[in-house]
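This report describes the overall architecture, the ligand surroundings and selected backbone features of one protein. The sequence and structure are shown first.

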Amino acid sequence: MALTIETIISLCKRRGFIFQSSEIYGGLASTYDYGPLGAVLKRNIKDAWWRAMVDERDDIEGLDASILMHPRVWEASGHVENFNDPLVDCKACRKRFRADRIWVVSLIGPDGEDWGEVGPIEAGSAPDAVEAAIHKEYKKKGAPEGLQTNPRTVAEVPQSKHTRCPECGGELTESREFNMMFRTTLGAVEETGLSVYLRPETAQGIFANFDNVLTSMRRKLPFGIAQIGKSFRNEVTTKSFIFRTLEFEQMELEYFVMPGEDMDMYDYWRNQRFNWYKRYGMNPDNLRLRDHERSELAHYAKGCCDVEYKFPFGWSELEGIANRTDFDLKQHAKFSGKRLEYYDQPNDRHVVPYVIEPSAGVDRSLLAFLCNAYEEEQLENGPRVVMRFHPDLAPLKAAVFPLLRNRPELVEKGKALAADLRKSFPARYDDTAAIGKLYRRQDEIGTPLGITVDVESLEDQCVTVRHRDTMVQDRVPMERLAEFCTDKLNLMRQEFTR
Ligand code: ATP
C-alpha cells in the first residue's frame, strides 16, 4: 500500500519524533516541536551536512550569524520589496489562501470545443501536483479523457465563477501582496524602537560577513561559507506537516568563485548535493533534479535547479541550487558603502566574485528521510514497521534488553552493557515490555542493533545481536560487544554508500 503522510505523522507522534507545537493549548498552525527522537534525528542530519560541507573539505568555512540583522540588509537583498506572496481571503469563512496556489482550469475538447472550467483546486506549484489535482476534479465533472487543460491561478484570473473559496465556496477578496518577513521591534519603547526582521533565510548573514571571513581566514578564491540556522517566514499553509512551516532550519552554502568559473561550479554543486542525499540512503527513484524554466529564474540568476523528493503528496522541493552571479555582493556593497571584492593578485585586479548557492531545508530533509526509511513487512508472527535509517541518522545505534525482566542478574548485566556501549555511541537499555514488543519499538525508531541478554549469557558470557534490516542474529562475547557493534555499523554505512 502506498505510504501516506498521515502514517508518518502518526508514527512521529507515537514514537516521539514530532509533536504539534503548543498542543495542550489547541496547537498553533504550521509550527511543530521535535520530540526526544526527532531532536536527535535532526541533529544527525545537520551533522551529516556539516561533515560533507565543512569537515571533509578544506575550501569551506563555517559561520553562525545572528537571526536579527540591520534592517538595511533586507532592503539590499530585495526582501523588503519583493519577498511577497499574493493572498486572498474568503469573505465567508475568513480563511486565507495563496492566490498562486488556487487553480481554475479551462477544459478544451479535441476540436476546440469549450468544456467549461473546473475549480477552484488548491494545489502546490509543482507541475505534477497541479496535474494530479486537475485530473481528480475533471473525473468528478464527467469530462472525457484527452481534453486539453489550461490551468491558471486565481492571481491570474481574478474574475470567474470558479474563483471561489476552495473550502466553503465563499466569495474571495481581490489578491493582495503580503510580505512574508516577520517584523519585531528593537528597544524598550515600542513607538521609538527600530523595526527589525526575523531573517527569512540564513544566506544574508553570510554575504554580510564575506569580507570578515575572507580576511580573517586568509582565503583565496574559490572558497565557501556554510551555515546552519533558523529562518522565519510568515507562510500561509495548509496540511503540509513540517514541509512548510513558519519557523524552520536551513543549511546554506555560499560558494564564491571567479567570474567565468561559475557555470562549471554550478554543475559541480548540483551533482554534489544530489549525491549527498543518495549517500544517506535516499532511494534514487524518489529523487530528481529539476531545472528551472527561464521564466522561473530570478532576474540576476544564471541557473537554478531544485533537488526534489517524491513525497506521499507528490514531487516537492528539498533544496534549491542557484548561480546567483555577483548580485548579492554588489547589492550589499551599494547599500553599505563598503567594498566587497576580492584582490586577484596574479592579475593585479579587484573582482566581485560570483556565488553558487546550494540552499537546503533541515525539516524538509528530515521529512524525506522519514518517508524514505519507512517500510512495512509481513513476518511469520505478524507485521512489522521498520525505519531503515542510515546508521549515521538513526537516533539510537543499539538497544539492550533482558530476555526475562524479572531476573535481576539479567537486568543488571543489560544495564551495564548499555552503559558500556554509550562510551562509543548512543545506546539504550529497555525492559518496559516483553521482548517481542521491545524489538518492534526499536524497529519503528530505526535502531540498527538489538542486543538480548538471556539466561545462557550468564554462563557463556555471550549475548545475541540482532540486525535491524536482515534480522540475522549473531552470538557475540560481551567483552567484544562494543567493537563488534562498531564494526557492524561501519559495514552498514558502506552498504548504504554502495
Ligand atoms: P518553496 O517554493 O517551497 O516555498 P522556496 O523556493 O521559497 O521554497 P528557498 O527560498 O529556495 O525556498 O529556501 C531554500 C530551502 O529552504 C527550501 O528548499 C526548503 O528546503 C527550505 N524552506 C523554505 N521555506 C520553508 C518553509 N516555510 N518551511 C520549511 N522549509 C522551508
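In what follows, Ala, Val, Leu, Ile, Met, Phe, Trp, Tyr, Cys and Pro count as nonpolar, Asp, Glu, Lys and Arg as charged, and the others, Gly among them, as polar. The model under discussion is predicted.

On that basis, the shell around the ligand consists of 8 charged, 5 polar and 3 nonpolar residues. There are 16 residues around the ligand, and those that come nearest are F248, G320, S359, G361 and R364. At least two shell residues are supplied by each of β13 (247–257), β16 (314–323), β19 (354–361) and α10 (362–373). The largest share belongs to β16, with 4 residues.

As for the protein overall, its secondary structure amounts to 26 strands and 14 helices. The C-alpha trace spans about 80 × 70 × 55 Å along its principal axes. Of the 498 residues, 35% are buried. Among contacts with a separation of 6 or more, 64% are between residues 24 or more positions apart.

The peptide bond from L221 to P222 is cis, its omega being near -5 degrees; P222 is placed in the loop between α7 (210–216) and β12 (223–232). Two residues other than glycine with positive phi are tabulated below.

Note on methods:
Residues numbered from 1 in each chain as written. Predicted model: local features only at pLDDT ≥ 70, side-chain atom pairs only at ≥ 80, totals over all residues. Buried ≥ 20, exposed ≤ 12 C-beta atoms within 10 Å, placed from the backbone. Contact = placed C-beta atoms within 7 Å. Near = placed C-beta within 6 Å.
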